[in-house]
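Subject: Handover of a structure and the findings from it

Dear colleague,

Please find below the structure that I am handing over to you. My notes on what was found in it follow directly after.

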Amino acid sequence: MNWLTGRFMLPPQGSAFADQVDTTFLGIYWLSVVLFWGITLTTLYFAWRYQYKAGRVTPHQTHNTTLEILWSVIPLLICVGLFFWGLNGYMKYAVAPGDAMEISVTGKQWLWEFTYPDGSKTINDMHVPVNKPVRLVMTSEDVLHDFFVPDMRVKMDVIPGRYTQVWFTPTVLGAHTFTCAEYCGKDHSGMKGIMTVEKQEDFDKFLATGGTEWETYRDSGDWAGWGKLQYERKGCNSCHSVDGTSSKGPTWKGLFGKTETLGTGTTLVVDDAYLQESMLQPNAKVVKGFEPIMPTFQGLLRNHEIKGLVAYIQSLK
Ligand code: HEC
Ligand SMILES: [Cu+2]
């Protein structure tokens, strides 16, 4: 195992500076291991070597200048060395390069929302092009959150009323998980998602249409499957079940075609138009027995995503 510069117990390295972060971390880790065992074993040895023996006299010593200087100066040098080692890495990654692509990240109970330079938005689903620097400008709408992408070695508090930033250059194609690393309430553990690192042309396609996945569903005509993906990706699953249990929102099972009673007492038959309106203007018609807590998905759902969701709901008999 390549224990100093390799992964040793750490997640895969997905960004350009992951290696430097790991080297610093593991350097301090192994220094601590050596010091811990050195001190512990020496203590145990001395306890044994100088244990009480009847008649043994301890020599009287007031001090030892050489020793005292050594045990002050050596740790001092180690600390100063560690400081500059850390500072070097910190300075490099404190300020993003000017050509970094900016993605704004908003944390709220309990989801992550991403806004791309062209205004496209996604929830709990982040896409970035490979080998291009990305800068995240982050804020929170409610309480403290913390955006953590272990593979990228990116972790930063997300604070209400303030902007924080991080940047990184993703180098490994594929899926990388991210999560909230600051306990932020009941459903904190649900604040997670996937960062997909993809080739520039796939990223452009994603911005325009929802990506290569969309093409697969379109070509197979599987609208309900496409909708199910949106149900998970856009965070609908944090409030709507598909198995008949009602949580924060009404279940989707058997929803299509049923007669729904609204808070106002009126009734209607659930059809395409009502479903679409419920996504874009959720407060226009509030279902009886539920709070109007559903956020609007205006601008967050593309037309073909809405169509997929409607097909998915229709399929849940
Ligand atoms: C924060 C919780 C929450 C999230 C997230 C959420 N909803 Fe809702 N949704 C509700 C609540 C509460 C209601 C019932 C009150 C109302 O009608 O506004 C509702 C109602 C609906 C209805 C009408 C249901 C009925 O029984 O008539 C539809 C359709 C719907 N949501 C779709 C969606 C879709 C699609 C998403 C994801 C893109 C989503 N919701 C995300 C809370 C949520
Ligand atoms: Cu959080």
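Two strands are said to pair if DSSP finds at least two bridges between them. Please also bear in mind that this is a predicted model.

The sheet

With that definition in hand, one position in the pairing can be named: glutamate 113 stands opposite isoleucine 123 in S3. The strands concerned, S2 (residues 111-115) and S3, are joined by 3 bridges and run antiparallel. Another residue placed across from S3 is phenylalanine 114, which faces threonine 122. S2 and S3 form a hairpin with 5 residues between them, and glycine 119 in the turn has a positive phi of about 95 degrees.

S2 also pairs with strand S1 (residues 101-108), through 5 bridges and in an antiparallel manner. In this pairing, serine 104 stands opposite threonine 115 of S2. S1 and S2 likewise make a hairpin, with 2 residues between them.

These strands belong to an open sheet of 5 strands, in the order S3-S2-S1-S5-S8 and with mixed pairing. Strand S3 (121-123) and strand S8 (164-168) stand at the edges with a single partner strand each, so one side of each has no neighbour in the sheet. On average, and with direction ignored, neighbouring strands of this sheet are turned by 25 degrees against each other.

The copper site

Which residues coordinate the copper ion (ligand 2)? They are His145 (ND1), Cys180 (SG), Cys184 (SG) and Met191 (SD), at 2.0 to 2.5 Å. Along the chain, these donors follow the spacing H-x34-C-x3-C-x6-M. Histidine 145 lies in strand S6 (residues 145-149), while methionine 191 lies in the loop between strand S9 (174-180) and strand S10 (192-198), so the pair ties together parts that are 46 residues apart in sequence.

For comparison, the ideal angle for four tetrahedral donors is 109.5 degrees.

Buried residues are those under 20% relative accessible area. Histidine 145 is buried, at a relative accessible area of 0%. Methionine 191 also counts as buried, at 0% relative accessibility.

The largest pocket

The largest pocket has a volume of about 960 Å³. Its lining consists of 44 residues, of which Gly235, Cys236, Cys239, His240 and Met294 lie nearest the centre. The elements that give two or more residues to this lining are S10, helix H5 (223-233), helix H6 (272-280) and helix H7 (303-315). H6 gives the most, with 4 residues.

A residue in helix H3

Aspartate 204 is found in helix H3 (residues 200-209). With a relative accessible area of 40%, aspartate 204 is partly exposed. Its C-alpha atom is separated by 22 Å from that of serine 220, which is 16 residues apart from it along the chain.

Yours sincerely

Conventions:
Residues numbered from 1 in each chain as written. Chains lettered and ligands numbered in written order. Predicted model: local features only at pLDDT ≥ 70, side-chain atom pairs only at ≥ 80, totals over all residues. Heavy atoms only, no water. Donors = N, O, S within 2.8 Å, 3.2 Å for Na, K, Ca; no water. Buried < 20%, exposed > 50% of the residue type's maximum accessible area, 1.4 Å probe, protein only. Axes fitted to C-alpha atoms, helices over the stretch in contact; angles between N-to-C directions. 1 Å grid on protein atoms, 1.4 Å probe; cavity = no way out; pocket = protein on both sides within 12 Å on 5 of 7 lines; lining within 4 Å. Points joined across faces, edges and corners; volume = space filled by probe spheres on them.
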